[in-house]
Amino acid sequence: MTKKQRQVLNFIERFWETHKYSPSYREISKMEGTALSGAHAIVSALSEKGFIHAEKGRARAIYPIPVWRCMRHEADISDPK
């Protein structure tokens, strides 16, 4: 994982903890200081590596894997596994 990917993943996780919904690509790009296409590329890479789940075509649909599993009733979000 690159440094930028780690920063974006940390941002997404903190955003979820604070707001209980996903950050937008615009919020990610603003935090990272990059264009929307750069934010999309980082999110796509994190999704391909299995760190997040990002639903295409839906607004605010970027989920850290523990949140995604909980939403699908696969795991308890407090479960460290």
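Residues are numbered from 1 along each chain as its sequence is written, and side-chain values use heavy atoms, with hydrogens and water left out. In this predicted model, local features need pLDDT of at least 70 and side-chain atom pairs count only at pLDDT 80 or more, while totals for chains, interfaces and linings use all residues.

Helices are DSSP runs (H or I, at least four residues) numbered from the N terminus, and their axes are lines fitted to C-alpha atoms over the stretch in contact, with angles from 0 to 180 degrees between N-to-C directions. The axes of helix α1 (residues 3-19) and helix α2 (residues 25-32) come within 11 Å and cross at roughly 130°. That angle makes α1 oblique to α2, because angles under 35 degrees count as roughly parallel, over 145 as roughly antiparallel, 65 to 115 as roughly perpendicular and the rest as oblique. Contact, meaning heavy atoms within 4.5 Å, is made here by Lys4, Gln7, Val8, Phe11, Ile12 and Phe15 of α1 and by Glu27, Ile28, Met31 and Glu32 of α2. These residues divide into six nonpolar, one polar and three charged, where Ala, Val, Leu, Ile, Met, Phe, Trp, Tyr, Cys and Pro count as nonpolar, Asp, Glu, Lys and Arg as charged, and the others, Gly among them, as polar.

The axes of α1 and α3 come within 10 Å and cross at roughly 85°, and the two helices are therefore roughly perpendicular to each other. In this pair, Lys4, Gln5, Val8 and Leu9 of α1 meet Ile42, Ala45 and Leu46 of α3, a contact with five nonpolar, one polar and one charged residues.

For α2 and α3, the axes come within 8 Å and cross at roughly 100°, so that these helices are also roughly perpendicular to each other. Their contact joins Tyr25, Arg26, Ile28, Ser29 and Glu32 of α2 to Leu36, Ala39, His40, Ile42 and Val43 of α3.

The second largest pocket is lined by Tyr25, His40, Val43, Ser44, Ser47, Glu48, Ala54, Glu55, Lys56, Gly57 and Arg58 (on a 1 Å grid over the protein atoms alone, a pocket is an open set of points where a 1.4 Å probe fits, with protein on both sides within 12 Å along at least five of seven lines, and lining residues have an atom within 4 Å of a point). Helix α3 (residues 36-48) gives the most to this lining, with five residues.
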